[in-house]
Amino acid sequence: MFAGIDVASERHVLARLDGTGQPLGRPIGIDEDAGGYRMLLEALGPPPALVVMEATGHYWKNLFASLVAAGHDVVLLNPIVARRFQQARLERTKTDAIDAAALARFAFEKRPAPSYVHDAAAESLRELVRHRDRLQQDFEDRVLQLHRLVDLGFPEFTRYVKGMHTMLATALLSECPTAAAFARTPPRRLAKLRYDGRHRVGEDLAGRLVEAAKRSVGQHHGPVYDLQVRHICQDLDLWRRRLKELESDIGGLLDAHEVGRLLTSIDGIGPNSAARIIAIVGDPARFRSAGAFAAYVGVVPALRQSGKRTGTRAATGFGNAKLRSALWMTTLAAVRLNDWLRPFYERLRAAGKPPKLALIAAMRKLLHAVYSVARNRRPFVPITEQARAA
């Protein structure tokens, strides 16, 4: 049997085809509960059926787990692929039933391979990495809000304290949220303030802040600004502790993951980068080749040529944008510090390649190293220019 499921938040639609591609009855509505899942498994019959559904948000996860546990082959389809397939069939009407039927037809005609299932450790890393990203975004948003309030309530503050995200800034602003509060605070009291549990603000910085506050153009801002700044500083302190706890949890899971632990043996791949690779990809060795892994990330050249126009090569727009973005900063650091990647990058630049193209090529080489470590289950041993010459 071939089946397609149009996934939604509360109610899904199942369409089925037999071995000859003929529809089996009308599409069926499936509720997102135990009763709906029993109806789904009864409608599919004895396993294995080839079931295709789009990876829509997080709504597919429970369906996927239940179908795989029942012994069915499940394919998670990129929504772009599903849309192009329907466009090729000149579908003009869009309903949940028609979408489900199109997915079933895709299963029958294309016979795609079942999707890879992450192990429990990789799934846990994925959830923690996503949670950390959300907290980090919230933290950065609060820093921007704090910057706005300080620009109004004590604009001279940033001349003496660099970075609203630092513990020094939040400790000072929690104590004195505005210029008016700084101006009425004795410098000695401010100097004794500890901002990280160990270091004090010091008499020099405290004296300069108080003097600047007495002449500040923001002294007219009062209690409303005090309240907002204090609340934001409390939020930043809380999220800072939570991010630190998450870093520890992610590090512990990474140490327990065989491939994740080995990836950190590659110069330039730290715990955060390794955790993100495992969270998004699972085991890189599941790809058939290093080139296929690079194509998944989206660092393969795409040739654009038509008629008499000279062909040009550029990075494809497809691939996992989140992983590509995360590895961009990793690659920037690696081409400066990495003994085996830096010569490769410099050779490309010396040959006249643009910086961005050379960085993409360096990222691809880094991904080849990741794939090699995952495939061989051994720590990375670089072959440097000196070793190659010897």
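This is a predicted model: local features need pLDDT of at least 70, side-chain atom pairs count only at pLDDT 80 or more; totals for chains, interfaces and linings use all residues.
Local features need pLDDT of at least 70 and side-chain atom pairs count only at pLDDT 80 or more, while totals for chains, interfaces and linings use all residues. Residues are numbered from 1 along each chain as its sequence is written, and side-chain values use heavy atoms, with hydrogens and water left out.

With a salt bridge taken as a side-chain nitrogen of Lys or Arg within 4 Å of a carboxyl oxygen of Asp or Glu, the count comes to 16 salt bridges. Three of them are listed here.

| Pair | N to O distance |
|---|---|
| Glutamate 123 and lysine 61 | 3.1 Å |
| Aspartate 204 and arginine 208 | 3.1 Å |
| Arginine 342 and glutamate 346 | 3.9 Å |

Helices are DSSP runs (H or I, at least four residues), numbered from the N terminus. Aspartate 204 and arginine 208 stand four residues apart in helix α10, and are therefore separated by about one helical turn. With exposed meaning over 50% relative accessible area, buried under 20% and partly exposed in between (1.4 Å probe, protein chains only), aspartate 204 is exposed at 52%, whereas arginine 208 is partly exposed at 41%.

Arginine 342 and glutamate 346 both lie in helix α16 (residues 342–350), four residues apart; arginine 342 is partly exposed at 25%, as is glutamate 346 at 45%. Elsewhere, salt bridges with shared partners join Lys61, Glu123 and Glu127 into one network.

Arg188, Lys192, Arg194 and Arg200 form a positive surface patch, for which like charges are joined within 9 Å among residues with over 30% relative accessible area and no salt bridge.

Key. Patches are made of residues with over 30% relative accessible area and no salt bridge: like charges are joined within 9 Å, nonpolar side chains (Val, Leu, Ile, Met, Phe, Trp, Tyr) within 5 Å. Accessible areas come from the Shrake-Rupley method with a 1.4 Å probe; for residues, only the protein chains shown count as cover. Lys and Arg count as positive and Asp and Glu as negative; His and the chain ends are not counted. The place of a charge is taken as NZ of Lys, CZ of Arg, CG of Asp or CD of Glu. Helices (H or I, at least four residues) and strands (E, at least two) are DSSP runs, numbered from the N terminus.
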